[in-house]
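Morning, everyone. Please bring up the sequence and the model on your screens.

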Amino acid sequence: MNNKLNKISELWLKLYPANEEEKLNELIDFLKSKKENMKYEPEDKFWYKKGLVYSTYVDLFAGNFEKMKEKLDYLSNLGVTILWLLPILESPMNDQGFDISDFYKVRDELGGNKSFFEFVELAHQKGIKILFDVAINHTSDKHPWFQDAKKSKNSRYRDYYIWSDTDKKYSQARLLFKGMVNSNWTYNPETDDYYFHRFYEIQPDLNYKNPEVLNEMIKIFTFWKQHGVDGFRMDAAPFLWKEEGTNCENLPQTHMILKIFRAALDYLKEGTALIAEANQPPKDVVDYFGESDECHVAYHFPVMPKIFLAIAEGNPEYIIETLSEKITPPVPKDCQWFVFLRCHDELTLEFVEPEERNKMLKYYLLDERWNFREGEGIAGRLYNQMNKDYKKVLLAYSVLFSLNGTPINYYGDEIAMENDEQFYKIMTEKIGYKDSRFFNRGPFNEEKMKKAILDPQSDSYKIYNSIRNLIEFKKGYTDIFSQEPVYENIEGVFKVSRNSENKSLIIYNNLTNKEKKVDDVILKPYEYKWVLD
């Protein structure tokens, strides 16, 4: 039997030792039946290590996939090589699409599956890879599985979810949505018991102790892989396996499940990237790479707030320390970090020290309504958080592009989009929670896009064109950026040096509000310079 199939069998039998071989055989037979039909394969299987990721909601960015086709030239001109589509699958949309009610269907208002498949093909022709979100930890409570499961203890899909007679089980599992959700358990009157959820009560957790759930998820991945999807951002990856007496995060069984996902997709054809959405300290996140046999990519959450803190205090040490080996261990050669300034969520303060959290709230919580999870995060657009100072916005981008990892641009940040008061009001009224993340989830601002292209005096133009130049530069010197960087703090200037065989690049980022002179390079306050030799 094929090595990948052997690996799946070996991991499976550790995960499900109790007479589940029939389900294992079903999975193996399924994979064998699909292997022949896998036509699409990216030319470069390490595509996720290069270029720029652009993250967006289809409905907010363009409306639907027909209109997304028209936006491909805009993305191409910016320098985008990877398009990360935030949730596009069927959903009641109570959590912006992370509450999935059909894993096989693109929402009708976005154009459905046919329009999406056409879009993927067109994006590939323009050299843009496509990845999208799959919430692998939970479903919507409107998913047919849950609708069936909640009716009776004898339901066909009952064991697809986690049930208990009390709300005391898994008591060490932390509340992830503090201030919005009071418990990880919700009462179900139809069966007089409770179901488990790590997020909103509308998102019941899947039960991976049932091997059918794992099989279903692999079938879902396979379906989209067949249709050309290049990668999957696996939302809430650390929470898959629950065990009494633990915090139900980062458990060994979770890693086994992810390794099975990887082996299955690699068996079908290599080149599909699995991205771990694991908001954890880097020493825990690197475990999600395994030995290049688990996830290809993970997000470096902790460096994000440190970039902001470094700029606020004019001190690169925050960044340098976070990227040092004692905090960020080396990753396997084939793996990659995704690094970012802002995303669809909050500027997370979950893993910074209490003293640093207080500083961040002082510097960046410019409006109390931006507060997320009782001080564990600050929502809002990059432009707003930088107090509409385009120089600081660009400095932050220069720092980001200086680092190891593939950078992400969150839609609209490249044109100085601002917090959307109207969208926040509409969405908080709709869902009944004051979720401050809706400030940074409004519709794409077409007027600012026009300014970014046509009005040299506007902040939109200055930010957009400077980002384009940085991306273009990085694309032109991929060999230099594949070299290990040296990070230094020289009197508040974050200096990043890289050398290839015949070139050297030094990036100077002046994080201070004073003029600095470093290596004969003069930098104005908050100025950056990239010097190629």
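I will take cysteines, then pockets, then a set of paired strands.

First, the ground rules. This is a predicted model, where local features need pLDDT of at least 70, side-chain atom pairs count only at pLDDT 80 or more, and totals for chains, interfaces and linings use all residues. Residues are numbered from 1 along each chain as its sequence is written, and side-chain values use heavy atoms, with hydrogens and water left out.

Cysteines. Take cysteine 295. Its closest cysteine sulfur, in cysteine 335, is 8.6 Å away, so that is too far for a bond. Cysteine 343 is in no disulfide either; the nearest cysteine sulfur, in cysteine 295, is 18 Å away. Buried or exposed, cysteine 295? Buried, at a relative accessible area of 0%. Cysteine 343 is buried too, at 7%. Buried means under 20% relative accessible area, exposed over 50%, partly exposed in between, with a 1.4 Å probe and protein chains only.

Now pockets. On a 1 Å grid over the protein atoms alone, a pocket is an open set of points where a 1.4 Å probe fits, with protein on both sides within 12 Å along at least five of seven lines; lining residues have an atom within 4 Å of a point. Volume is the space filled by probe spheres set on the points, which are joined across faces, edges and corners.

The largest pocket has a volume of about 1300 Å³. It is lined by 47 residues, and closest to its centre are Lys49, Gln336, Gly405, Phe481 and Ser482. Strands S12 (336-340) and S16 (406-410) and helices H17 (459-476) and H18 (478-481) each give two or more residues to that lining. Helices (H or I, at least four residues) and strands (E, at least two) are DSSP runs, numbered from the N terminus.

The second largest pocket holds about 330 Å³. Of its 19 lining residues, Pro302, Lys306, Ile327, Phe351 and Val352 are closest to the centre.

Last, strands. Two strands pair if DSSP finds at least two bridges between them. S6 (residues 163-164) pairs with S8 (residues 193-196), antiparallel, over two bridges. There, serine 164 stands opposite tyrosine 194. S7 (residues 185-188) also pairs antiparallel with S8, over four bridges. Threonine 186 has tyrosine 195 as its bridge partner. The S7 and S8 hairpin has four residues between the strands, and aspartate 192 takes a positive phi near 55 degrees.

Terms used: Disulfide = S-S within 2.5 Å.
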